[in-house]
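Please walk me through this structure in the viewer. Tell me what to select at each stop and what is to be found there.

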Amino acid sequence: MENVFYLLADPMFIVELEHNRWYIRDINYAFTKLTGYKKAELMDADPDGLLRRGSTFSGLMTQLSEDHEQSLEQELISKSTTSIPVRFTSRRLPSSEQTCFIIICKDLSEEKYIEEYAMDNQVLMSVGISEQFRMTNATRYYSPFKPINLVNQSVFDHIAEESRKPLRRIMEYARAHGTTEQTDVRLYLGDQLRMTTVIIKPFFYGNKEFKGYVVLLTGTLQSAREEDAAYKLRMLMLSKNITATSLAQSTLISLTTISKIRNGKIKKPQRLTAELIAGELGVKPESIWSGFKRY
């Protein structure tokens, strides 16, 4: 049992009730990776410190023990004080003379991120991508995406050749800097190639080890025209491998403003803003905004 406990991929810890107080008696490697704590730092510790302020472990156990199959969502606090949304389930150890439970943690970070983003934005599809750029899961929300099995396939197998290197660079940038990036890629949809807007977010464990990416496909650009300034800006940024984050940093323009210009929500930026963006991209403002000379 002990060997299985240490090797299982799910983060787990064992707690024991002694003199009406709960104590941590053991943790597995997956739990140290999730939280960033070393085993020695938690042995015989009060598990209240693992929960968000105002929550008690005794209260958690009361709810979990009411029903053998009960699960409960809660925030787990990592060593770096980062809040990790998890789903707790518990199993009592029948062979123990004491009151001991195994607490199993399901990390909900990616799931919660997708839910929160989808509340205010359209999501066509969400894809989990591993460190090796292989798809670990894919969820389709709207057409025109067909419900095909993408798991274990390389994400680049579904990307047009000219978009592969820029996409890889942007994903590596997001991972290195811990930032959420937005870009456009040419993507195969069945037999068709379409320009698609994607959001790329890297995720990390509590010990700062890279976990994987969540990529959200938020729209297909079916009717983008050459005279569309937002489209031309996106294409320029893609061809020069410049992310929205790096453009905001180099021009000192807010990321919110950059995103609105990229998405066409701001169709006529202020003169200085247009000049700074165009200058960073190595072009004249009028090559992006045809009416710039009339500003």
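Which side chains meet in a salt bridge at 2.7 Å, N to O? Select Arg25 and Glu16: their side chains form that salt bridge, with 2.7 Å from N to O. Keep in mind throughout that the model is predicted. Now colour the two residues by accessibility. Glu16 counts as buried because its relative accessibility is 11%, under the 20% limit. Arg25 is at 21% and counts as partly exposed.

**The open sheet**

Strand E1 covers residues 12-18, and strand E2 covers residues 21-27. Both belong to an open sheet of 5 strands, in the order E2-E1-E5-E4-E3, with antiparallel pairing. Look at the two sides of the sheet: E2 and strand E3 (71-77) are the edge strands, and each of them pairs on one side only. From one strand to the next, the twist averages 40°.

Select E1 alone. How many of its 7 residues are buried? The count is 5, so E1 is mostly covered. On one side, E1 is joined to E2 by 6 bridges, and the two strands run antiparallel. Pick Leu17 here, and find Trp22 of E2 standing opposite. Then go to the hairpin of E1 and E2, with 2 residues between the strands, where His19 takes a positive phi near 55°.

E1 also pairs with E5, in the antiparallel sense and over 6 bridges. Return to Glu16, already selected for its salt bridge with Arg25. The bridge partner of Glu16 in E5 is Cys100.

Move on to strand E5 (residues 99-107) and strand E4 (residues 83-92), an antiparallel pair with 7 bridges. Select Arg92 and look for its bridge partner in E5, which is Phe101.

How many salt bridges does a search of the whole structure find? The search gives 18. Side chains of opposite charge can pair when their charged atoms come close.

Select Asp46 and Arg21 for another example: their side chains meet in a salt bridge at 3.0 Å, N to O. The pair links distant parts of the chain, 25 residues apart: Arg21 is in strand E2, while Asp46 is in the loop between helix H3 (39-42) and helix H4 (57-65). Asp46 is partly exposed, at 34% relative accessibility. Arg21 is also partly exposed, at 43%.

Now select helix H5 (residues 109-120), and within it Glu115 and Lys112, which lie 3 residues apart, about one turn of the helix. An α-helix has 3.6 residues a turn, so residues three or four places apart point the same way. The side chains of Glu115 and Lys112 meet in a salt bridge at 3.9 Å, N to O. Glu115 has a relative accessible area of 39% and is partly exposed. Lys112, at 22% relative accessibility, is partly exposed too.

Select strand E6 (residues 125-129) and strand E7 (residues 135-140): they run antiparallel and are joined by 5 bridges. Pick Met125, then its bridge partner in E7, Arg140. The hairpin of E6 and E7 has 5 residues between the strands, and Phe133 takes a positive phi near 65° there.

**Two helices**

For the last stop, show helix H8 (residues 244-251) together with H9. Two packed helices are described by the angle between their axes and the distance between the axes. Here the angle is about 125° and the axes are 9 Å apart. That angle makes H8 oblique to H9. The crossing in which H8 passes H9 is right-handed.

Which residues of helix H9 (residues 255-262) are buried? They are Ile258, Ile261 and Arg262. Look down the axis of H9: the buried residues line one face of the helix, because they fall within an arc of 100°.

Notes. Residues numbered from 1 in each chain as written. Predicted model: local features only at pLDDT ≥ 70, side-chain atom pairs only at ≥ 80, totals over all residues. Heavy atoms only, no water. Salt bridge = Lys/Arg side-chain N within 4 Å of Asp/Glu carboxyl O. Buried < 20%, exposed > 50% of the residue type's maximum accessible area, 1.4 Å probe, protein only. Helix = DSSP H or I, 4+ residues; strand = E, 2+ residues; numbered from the N terminus. Pairing = 2+ DSSP bridges. Arc of directions from axis to C-beta. Axes fitted to C-alpha atoms, helices over the stretch in contact; angles between N-to-C directions. Parallel < 35°, antiparallel > 145°, perpendicular 65-115°, else oblique. Left-handed = near helix turned anticlockwise from the far one by under 90°.
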